[in-house]
Amino acid sequence: MSESKPEDIRIGVFVCHCGLNIAGVVNVKEVVEYARTLPNVVFAIDNRYTCSDPGQEEIKKAIKDYNLNRVVVAACSPRMHEFTFRRCVAETGLNPYLFEMANIREHCSWAHPSHPKEATEKAKELVKMAVAKARLLAPLEPIKVPVTPTALVIGGGISGINAALDLAEMGFKVYLLEKKESIGGHMAQLDKTFPTLDCSICIEGPKMVDVARHPNIEIISFADLVKVEGYIGNFRVVIRRNPRYVLEDKCTGCGECSAVCPIEYPNDWDMNLGVRKAISVPFPQAVPLVYRINRDYCIECYKCVDACGPRQAIDFDQKPEEIELKVGAIIVATGYDIYLPEEGNLYGYGKYSNVITSLEFERLILAAGPTGGHVVRASDGKRPRVVAFIQCVGSRDVNKYPYCSNFCCMYTLKHTIQLKEHYGDDVEVYVFYMDMRSHFKGYEEFYQRAREMGVNFIRGRVSKIEEDPKTKNLIIHAEDTLLGEPIELEAEMVVLATAAIPAKGSEEIARILNITRGADGFFMESHPKLKPLDTPVDGIFLAGACQGPKDIPYSVAQGCGAAARAATILSKPSVTIEPIVSVVDPEKCRNTKVKCGICAMKCPYGAIKAEPGMPAQVIAAMCHGCGTCVAECPADAITQMHFTDAQILAQIDAALEKNPEGKILGICCNWCAYAGADLAGTSRFEYPPNIRIVKVMCSGRVDRDFILYAFKKGAGMVLVGACHPYDCHYIDGNLKMRVRMDALAKALEKLGLTPDRFRVEYVSAAEGVKFAQIVKEMAAKLEEIGRDRILAENEKLRPHLERMLSKRR
Amino acid sequence: MPVKLVKIEDASSLLLERIMYTKRYTLSLDRGRCVGCKLCEAACPKEAIKIVKPSDFKDIEEPPKRITVTVLEDKCNFCGICSEICIFGAFKQNINGEEHIPVLESESFPKIIHEVEVEESKCPVGCKICEEACPLNLIEVSFDEANSKVKVDVDKEHCPGCRICEFKCPYNAIHTRKIISGTIRVDNALCPEGCRECVDACPIPGVLFISNDGKVNVNDLFCVYCGACANVCPVEGAIEIKRVSFHHAPVKSGAWNKALERLTSTLNMAKELRSKSAQRTYDSVRRLQLGGRVKK
């Protein structure tokens with residue numbers, strides 16, 4: 001990457017009319033004329049549609065004819081056509097990263113139609129900024145990394161099972177990691193499934209067996225994820241197998257050991273309604289069918305050893321074992337947990353014996369369950385004649401879990417229908433609900449069926465439940481909101497439809513994999529609409545309820561979808577990574593002398609290694625190119641390719657060359673604020689034309705020096721635009737920027753800067769209105785403060801700014 | 001469903017319950033019968049039993065007056081070993097309301113044999129010597145005067161096997177066997193002046209007594225080797241109890257071997273294993289002889 005000497009640089013500028021979209025407001029000819037006057041510009045021309053085939057041909061021809069080595073296109077947003085033009089440039093043999101765009105449509109002609117003169121001026125300056133950056137561009141080579149064609153699926157529920165099976169069928173080796181003793185997940189705990197009422201384990205069991213038999217799948221059960229290192233195509237995974245004290249390869253699953261074991265303990269797989277032996281499997285259909293000794297309860301009588309006899313499958317000396325895997329892609333399918341409202345005894349749960357949760361009800365009505373399928377009360381073992389179901393326990397509750405848990409309405413309908421099917425008119429069934437949500441195929445008909453069977457639906461939230469100390473019946477106090485009256489109902493059993501919550505250990509998984517969780521604690525997808533299965537970490541995908549509560553068909557579909565996403569990586573021998581990564585200058589890095597490591601700490605992806613005494617090192621394949629480390633580095637030892645300090649400062653220079661005190665300098669992140677500004681233009685929300693926007697990939701890249709430099713140059717106002725706090729496309733680069741900028745704002749205010757002159761704003765890609773509004777407010781403020789005061793302030797600030805900036809060079 | 005663990009204790013009893021939807025486990029301790037020996041603590045495989053002194057009970061209303069035991073609810077797994085090993089029968093374990101000791105059924109722990117046999121035909125009508133002799137009031141003698149028959153009911157479950165009744169019986173009608181065999185030795189040179197803690201703690205009168213010179217003496221004939229005396233003795237090494245073996249039904253169980261090791265000693269445990277293996281060898285040789293494959 002040898003930099004061309006200034007005199008070698010030959011820039012071509014192509015200004016697009018975009019029909020009348022640009023030319024209707026901006027005087028394109030004037031812009032072209034202006035471009036020709038800029039240093040190093042050897043060629044400038046206008047096209048009607050630069051992106052069209054003739055337009056692209058013109059670029060290619062000019063590159064050849066004029067021996068151009070940099071290309072600037074002034075047209076629409078780079079978010080629209082940067083890729084098109086890079087490809088066009090590359091076709092001529094020029095490096096595609098020697099191309100730069102000036103956004104004179106969304107950010108100019110569309111945003112300032114009533115001020116053609118100012119818009120033309122702005123277009124000229126945008127071209128000047130692009131040319132200034134182009135002058136400093138360096139050729140970059142895309143990074144290619146090899147791919148290990150194996151996958152890791154974390155979580156063996158119905159989603160993970162389907163992901164594993166699909167990948168295995170495509171011919172990839174799959175490791176299916178399960179924390180518990182058996183795969184199957186929650187679905188294996190259920191009696192029937194809605195709305196078809198087919199037996200859950202009867203349809204899942206064969207799939208579980210398929211997984212066990214598949215030659216391409218290796219189940220690693222009763223094991224924990226310990227560590228994941230590496231990057232797309234090349235993950236190194238460390239897993240700890242917990243000791244079962246029964247050897248997997250020797251256990252035949254006969255169960256003779258369990259028959260002789262004297263010790264019983266509560267079976268959590270049965271929601272602790274029933275018991276299991278100290279050596280046992282959680283349920284008969286467990287896969288793998290390998291017994292396990294729970295040493296917390298075992299008394300070591302060794303009766304099981306005798307029973308096992310010559311098979312010698314029992315090994316009391318087994319130790320936890322760490323294994324290491326190499327995989328190319330990871331699918332996270334860790335599912336959910338059920339909220340148990342023990343704390344505070346919500347609705348008497350845990351205090352009154354006849355208040356149970358829906359999952360416990362599921363185990364009661366299951367023929368293979370601890371009561372043999374008889375729905376009986378814990379207090380007296382008798383069958384309840386009045387059963388009340390309470391919906392949204394914990395869910396849709398701002399004090400607990402504000403979201404809707406998705407499947408509770410449907411499983412309650414299933415339970416009511418099952419009760420009615422089992423006991424007919426001999427049981428009265430009530431459902432207290434807020435809204436019945438029965439979307440998706442066949443669900444509404446299912447709801448109708450429950451109503452026809454005589455289930456009573458009462459719309460209203462239950463305020464409290466009391467227990468009759470004699471009968472242990474439950475008195476429910478609620479309001480029927482349809483009648484507008486308080487009601488009281490005596491039920492013999494109460495079933496709580498409790499919330500689905502993030503699985504225990506999600507936080508640790510998120511930390512190990514470096515993926516994000518939303519405010520609700522479920523894992524965050526890369527994009528809610530277009531990348532629902534991707535995580536911000538390339539090569540790691542999500543499936544099923546770990547991303548949010550989902551029913552079975554949805555989870556299955558996601559499992560298959562995630563398998564397909566993973567296959568896009570695994571099916572290729574190598575993957576290409578954009579080369580806009582960070583690079584450390586080992587000469588400047590102070591980690592060699594002092595314990596620094598700030599970059600490694602701040603990197604949202606753990607892509608930087610800072611070993612003591614060694615210069616920090618960026619693992620290019622793991623770097624996502626946000627530039628946060630660059631802005632954080634106290635020694636300015638890190639450079640982000642394609643977004644170097646010099647390039648950005650050159651853009652600022654160009655933007656503020658003329659009339660700086662009358663201008664607003666904006667630094668916006670590519671994904672949200674810059675896109676929001678695009679939307680303002682697309683929507684034709686007009687705003688004052690005195691803003692100049694510099695694009696960075698992430699607001700995390702915004703160095704303090706950029707702000708200081710802009711004010712030193714005399715900028716009237718500075719705006720930093722970022723994604724909303726939990727929307728950052730680089731996990732939390734925006735939050736790190738915020739901390740940095742808040743500190744800087746205080747310092748600048750102390751030095752005498754009017755606080756309104758420096759703003760940090762969160763603007764999403766959907767907030768065109770908000771962007772326009774912010775610029776309007778800032779322009780009005782600029783007017784209000786007045787040119788003289790700004791000039792005076794800048795004069796006073798300049799020595800301080802120069803002193804602060806002198807530290808860098 | 002949260003598993004409900006209930007623990008209720010006072011001076012006279014301890015009740016520990018694990019209540020589940022389909023099962024209810026109950027372990028109860030009759031503190032009137034608990035002598036504060038350490039047999040259950042030593043036998044418990046989960047270290048769920050703790051010796052407690054009256055001073056350890058600060059938060060209950062009527063604390064026990066003497067040394068006893070308590071069960072830690074988070075460690076107990078309701079195996080029933082404590083219930084079987086207690087020679088005084090102070091523990092009871094129920095499952096769903098019925099007395100049930102799971103470890104006996106699976107032969108993970110041996111049935112401890114409380115052996116008291118009475119040949120009632122030898123008993124003359126009117127004799128109640130054994131009833132009066134039993135220090136724990138476990139014998140009840142009744143007469144059918146018309147047929148001149150005598151009935152002697154012995155509560156064997158609670159009998160630690162001191163053998164006093166056998167020795168007191170003038171008609172040689174009672175045959176007993178000690179549950180625990182072993183030795184007890186008191187080094188009365190170490191006894192503090194005026195101390196009689198051990199004498200008061202001993203459940204069998206006459207085993208420990210203070211002689212005229214004020215020293216503690218021991219009559220090991222009736223000693224049950226429970227160890228209650230040693231637990232209260234303020235001086236280390238003054239009382240030494242060595243248990244050798246237990247009278248029990250034969251079992252093959254790691255849990256029993258470990259319990260036996262803690263209750264007696266490694267050597268004695270090894271001895272039992274050796275005798276068991278000798279028995280096994282003998283049995284198999286017998287089988288071969290009966291099959292005619294080895295000449296006698």
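How many bridges join strand 12 (residues 234–241) of chain A to strand 17 of chain A? I opened my notebook with that one, and I keep in mind that this is a predicted model.

**Entry 1**

I looked up the pair and found seven bridges, with strand 12 and strand 17 of chain A running antiparallel. I picked out one place in the pairing: Val237(A) stands opposite Leu325(A), which sits in strand 17 of chain A. Then I stepped back to see the sheet around them. It is an open sheet of three strands in chain A, in the order 11-12-17, and the pairing is antiparallel. Strand 11 (223–231) and strand 17 (321–327) of chain A each have a single partner strand, so one side of each has no neighbour in the sheet.

**Entry 2: a hairpin**

Next I followed strand 24 (residues 462–467) and strand 25 (residues 474–480) of chain A, which pair in the antiparallel sense over five bridges. Glu466(A) has Ile475(A) in strand 25 of chain A as its bridge partner. The two strands make a hairpin, with six residues between them. In the turn I stopped at Lys472(A), where phi is positive, at about 65 degrees.

**Entry 3: two helices side by side**

How do helix 10 (residues 358–365) and helix 11 (residues 408–423) of chain A pack, and at what angle? I found an angle of about 35 degrees, and the axes are 11 Å apart. The crossing of helix 10 past helix 11 of chain A is left-handed. From helix 10 of chain A come Ser358(A), Phe361(A) and Ile365(A), and they meet Tyr411(A), Thr412(A), His415(A) and Gln418(A) of helix 11. Sorted by class, this contact has three nonpolar and four polar residues, with no charged ones.

**Entry 4: the core**

I went inside next. The largest nonpolar core has 358 residues, and Ala74(A), Val127(A), Ile331(A) and Val494(A) touch the most other members. Helix 5 (residues 116–135) of chain A gives the most to this core, nine residues. Beyond its neighbours within four places in sequence, Ile331(A) is in contact with several residues, among them Ala151(A), Val153(A), Phe541(A) and Ala566(A).

**Entry 5: one methionine**

Is Met717(A) buried or exposed? I counted 26 other C-beta atoms within 10 Å, and because 20 or more is the cut-off, Met717(A) is buried. Met717(A) belongs to strand 37 (residues 717–722) of chain A. Leaving out neighbours within four places in sequence, I listed the contacts of Met717(A) as Ile664(A), Arg757(A), Met778(A) and Leu782(A). I checked Ile707(A) too: its C-alpha is 9.7 Å from that of Met717(A), and the two are 10 residues apart in sequence.

**Entry 6: where the chains meet**

I turned to chain B, where 19 residues are in contact with 24 residues of chain A. Helix 3 (102–105) and helix 8 (254–263) of chain B each supply at least two residues of that side.

**Entry 7: chain A as a whole**

Last, the overview. Chain A has 22 helices and 38 strands, and its C-alpha atoms fill a box of roughly 90 × 70 × 55 Å along the principal axes. Of the 809 residues in chain A, 53% are buried. Among contacts in chain A between residues at least 6 apart in sequence, 74% join residues at least 24 apart.

Methods: Residues are numbered from 1 along each chain as its sequence is written. Chains are lettered from A and ligands numbered from 1 in the order in which they are written. This is a predicted model: local features need pLDDT of at least 70, side-chain atom pairs count only at pLDDT 80 or more; totals for chains, interfaces and linings use all residues. A nonpolar core is a set of buried Ala, Val, Leu, Ile, Met, Phe, Trp, Tyr and Cys residues joined through C-beta atoms within 7 Å. A residue is buried if 20 or more other C-beta atoms lie within 10 Å of its own, exposed if 12 or fewer, and partly exposed in between; C-beta atoms are placed from the backbone. Helices (H or I, at least four residues) and strands (E, at least two) are DSSP runs, numbered from the N terminus. Two residues are in contact if their C-beta atoms, placed from the backbone, lie within 7 Å. Two strands pair if DSSP finds at least two bridges between them. Axes are lines fitted to C-alpha atoms, for helices over the stretch in contact, and angles run from 0 to 180 degrees between N-to-C directions. A crossing is left-handed if the near helix is turned anticlockwise from the far one by less than a right angle, and right-handed if clockwise. Ala, Val, Leu, Ile, Met, Phe, Trp, Tyr, Cys and Pro count as nonpolar, Asp, Glu, Lys and Arg as charged, and the others, Gly among them, as polar.
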